Amino acid sequence: MTTLSPPGGAVAAALPHFAIQTTAACGQPLPHESARAQILGAATYVDDMPEIEGTLHAAPILSPVAHGRLRRVDARAAQALPGVYRVVLAQDIPGENVLAAFARDEPIFAQDTVQHVGQVIGLVLANDVMTARRAARQVKLDIEQRPAVLTPREAHARQSYVLPPVHVTRGDAAAALKAAPHTLSGSFEVGGQEHFYLEGQVAYAVPHEQQQWVVHSSTQHPGEVQHWVAHALGLHAHRVRVECRRMGGGFGGKETQAGHLAVWAAVAAHATGRPVKLRLDRDDDFLITGKRHPFAYDYTVGFDSEGRLLGLDLTMLANCGFSADLSGPVADRAVFHSDNAYFLEHVAIHSFRCKTNLQSATAFRGFGGPQGVIAIETILGDIARHLGLDPLAVRLRNLYSDAPAAPGLTASGKRDTTHYQMQVEDNILAPLMTRLAQTSRYEARRHAIATWNMGSPIIKRGLALTPVKFGISFTATLFNQAGALVHVYTDGSVAVNHGGTEMGQGLHTKVAQVVTDELGIPFASVLVTASDTARVPNASATAASSGTDLNGRAAQFAARNVRNNLAAFVCGLDGCGAGEVAFRDGQVITPQKSRPFAEVVHQAYANRIQLWSDGFYRTPKIHYDKATLTGRPFYYFAYGAACTEVAIDTLTGETRVLAVDILHDVGHSINPAIDLGQIEGGFVQGMGWLTTEELVWNADGKLATHAPSTYKIPATGDLPAQLRVDLWPEPNREDNVFGSKAVGEPPFMLAISVWEAIRDAVAQARGDGQPVRMDAPATPERVLKAISTG
């Protein structure tokens with residue numbers, strides 16, 4: 001690297017010095033933009049913000065029963081405690097006592113009925129947080145208990161749903177099953193998952209003049225928080241400003257759920273006229289907020305002697321909790337991904353969105369995709385065992401391909417179209433899986449494991465290689481849009497603001513890299529500022545793995561507009577065409593002259609050239625019929641595969657992941673270091689979902705696993721000794737920013753290889769060649785049961 005010399009002139013000489021990079025920023029493993037501040041403890045989160053004088057602290061009053069009629073709230077003991085300011089209940093809400101979610105089925109505060117243990121009935125406000133929490137526990141509730149529905153199967157039997165069922169079919173599944181040479185039927189369940197973000201849910205609501213509000217929220221969706229708060233306060237959205245500099249993790253748990261805290265804090269601030277901060281205790285966070293949707297499955301599958309799928313009837317029961325929240329699109333995506341990488345010839349999928357008296361389940365990394373993928377992978381694993389075939393061979397045989405399909409099933413006449421009628425145009429599944437099988441030495445290891453197991457009566461090993469095909473875009477088409485602002489200042493520095501949010505995933509870093517290259521300036525001269533509804537309105541949630549795709553492109557377009565303005569200005573100076581102007585290495589270069597970027601900016605300002613611009617992007621090509629769940633809901637697919645080896649102890653049921661080889665498709669990576677971190681982190685989080693992270697509700701509907709002492713996320717000791725990640729060397733075939741692909745969610749499903757490897761080890765321990773019946777997560781108890789019962 002070289003150092004930028006000050007251009008001539010007194011004003012130019014005062015400009016700051018930025019190190020010039022002689023290579024493009026995109027494609028480089030640059031550090032996360034906040035990494036240094038985070039290491040030094042200087043990165044500010046909501047709870048770190050200096051509190052305004054007069055700030056009150058809130059604590060929630062929680063329902064102790066799963067279902068009942070709320071007859072009375074007695075807060076006298078709480079209000080008698082020193083330091084308590086007041087109690088806020090439903091009658092203090094200036095607007096309507098319903099959250100402004102699309103289903104409008106969830107109250108802000110429970111008023112007449114409570115619907116799950118941990119439902120918020122009101123808040124206690126005090127001068128400090130610990131007093132508020134102690135006082136909240138002193139509030140006495142008179143609740144007449146009613147029967148509670150706690151499982152999706154019970155809800156399904158009662159036809160208790162938060163939304164109507166959805167059915168997607170192709171061909172004639174019943175006839176195909178009847179004619180199939182082989183059939184299998186089975187049932188299993190997959191548990192939910194707590195987000196366990198390092199920074200818990202928090203909001204800080206501050207009243208301003210003339211009915212204006214500023215809300216600092218740890219949220220993935222500031223625009224929705226703005227909408228919800230305005231609705232609760234009976235205001236128009238322009239009077240509420242929501243800001244989020246960063247979150248300490250989100251994983252989907254702060255897409256809608258952060259809105260609850262913001263509304264509660266704002267209602268309390270409205271009632272008192274004072275700023276109110278609400279930060280949940282970790283135990284309360286567990287009890288109040290939603291988790292990943294647990295699913296129950298029933299299936300019948302037909303197949304030939306080579307394991308090729310001929311017909312499938314699959315029922316999926318999503319445990320949605322007491323309200324709809326995001327259960328509709330989550331369950332839809334589970335339907336979309338119930339094929340994973342495989343062509344389903346004759347298929348009938350039935351999706352039921354079950355209402356239970358539990359926390360309302362919500363978004364979680366993968367957003368229903370993992371619950372769809374695990375169903376078909378479980379089915380294919382059992383087909384292989386039933387036929388005595390290598391599971392990888394069965395998987396390869398069923399991949400999407402250009403082979404002919406049965407007449408009338410697809411528009412192309414090939415096995416390349418999903419059950420929702422989207423053609424898979426960018427299919428790299430077969431070469432990707434084949435390459436991973438070679439580099440991971442799958443066949444040799446499978447033979448070695450068989451030999452090991454023959455000589456090891458107690459410790460048994462298993463191996464599995466499973467793929468991922470994950471659709472990228474919001475399934476709700478309207479959310480596939482983004483806006484950004486790029487401001488170039490007269491000293492050559494650049495500020496970027498966009499509608500996405502930073503939760504540690506590196507979105508701001510990637511956006512800065514894109515803008516850096518568009519303007520040809522040093523990376524250090526670009527700063528991405530806090531997400532703010534007063535700057536970019538109506539922004540979509542940072543979710544669906546589309547944060548960089550949407551916001552990076554919008555920021556690129558905004559920067560391009562400024563660049564074009566500068567190019568036109570320089571053309572006038574040098575008498576050249578705009579196409580002859582280049583921006584690189586901190587210079588603006590024409591055939592006649594090379595000028596420092598900062599000098600050009602300063603001169604352009606003096607000539608009244610616009611140095612800021614907005615950018616807008618909408619994802620092309622996507623469309624689908626929400627009623628039938630058919631069309632093209634995704635812009636493209638991201639692919640990957642993982643080969644995992646595990647060991648199980650047949651005496652204790654303990655499992656250990658020994659080695660993992662991953663080959664993942666991120667397109668042309670904008671930042672390989674960040675992408676590798678996302679792949680590794682996503683895999684380990686998925687491994688936790690399927691092995692150690694068990695949510696247990698007791699018979700009264702109370703969550704028993706509500707703290708780190710009882711809910712176990714993977715720790716460093718759970719990581720495999722070998723974890724190798726390689727990137728597939730091909731850019732995105734669709735026109736996406738820098739040729740990249742989304743990387744937030746797809747790697748999570750690579751961990752299904754752990755699930756299948758454990759089931760392979762169980763099968764080898766039993767040695768009976770029968771399907772392995774087991775629910776997830778694969779806890780020691782469940783592994784032992786699967787070994788002993790078959």
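Start by selecting A258 and the residues around it: setting aside neighbours within four places in sequence, A258 is in contact (heavy atoms within 4.5 Å) with Q201, S217, S218, T219, V225 and G253. Before moving on, note that this is a predicted model, in which local features need pLDDT of at least 70 and side-chain atom pairs count only at pLDDT 80 or more, while totals for chains, interfaces and linings use all residues. Residues are numbered from 1 along each chain as its sequence is written, and side-chain values use heavy atoms, with hydrogens and water left out.

Now colour helix 8 (residues 257-272), where A258 lies; helices (H or I, at least four residues) and strands (E, at least two) are DSSP runs, numbered from the N terminus. Is A258 buried or exposed? A258 is buried, at a relative accessible area of 1%, where buried means under 20% relative accessible area, exposed over 50% and partly exposed in between (1.4 Å probe, protein chains only). Next, draw a C-alpha to C-alpha distance from A258 to T289: the two are 9.1 Å apart in space and 31 residues apart in sequence.

Second stop: select N398, in the loop between helix 12 (391-397) and helix 13 (429-439). N398 is buried too, with a relative accessible area of 0%. Beyond residues up to four places away in sequence, N398 touches G307, R308, L309, A341, Y342, F343, L380 and R415.

Finally, go to helix 17 (residues 597-606) and show its buried residues: F597, A598, E599, V600, V601 and A604. Their packing partners include helix 15 (507-519), helix 16 (547-574) and strand 19 (481-488). Just after helix 17, stop at R608, which takes a positive phi of about 60 degrees.
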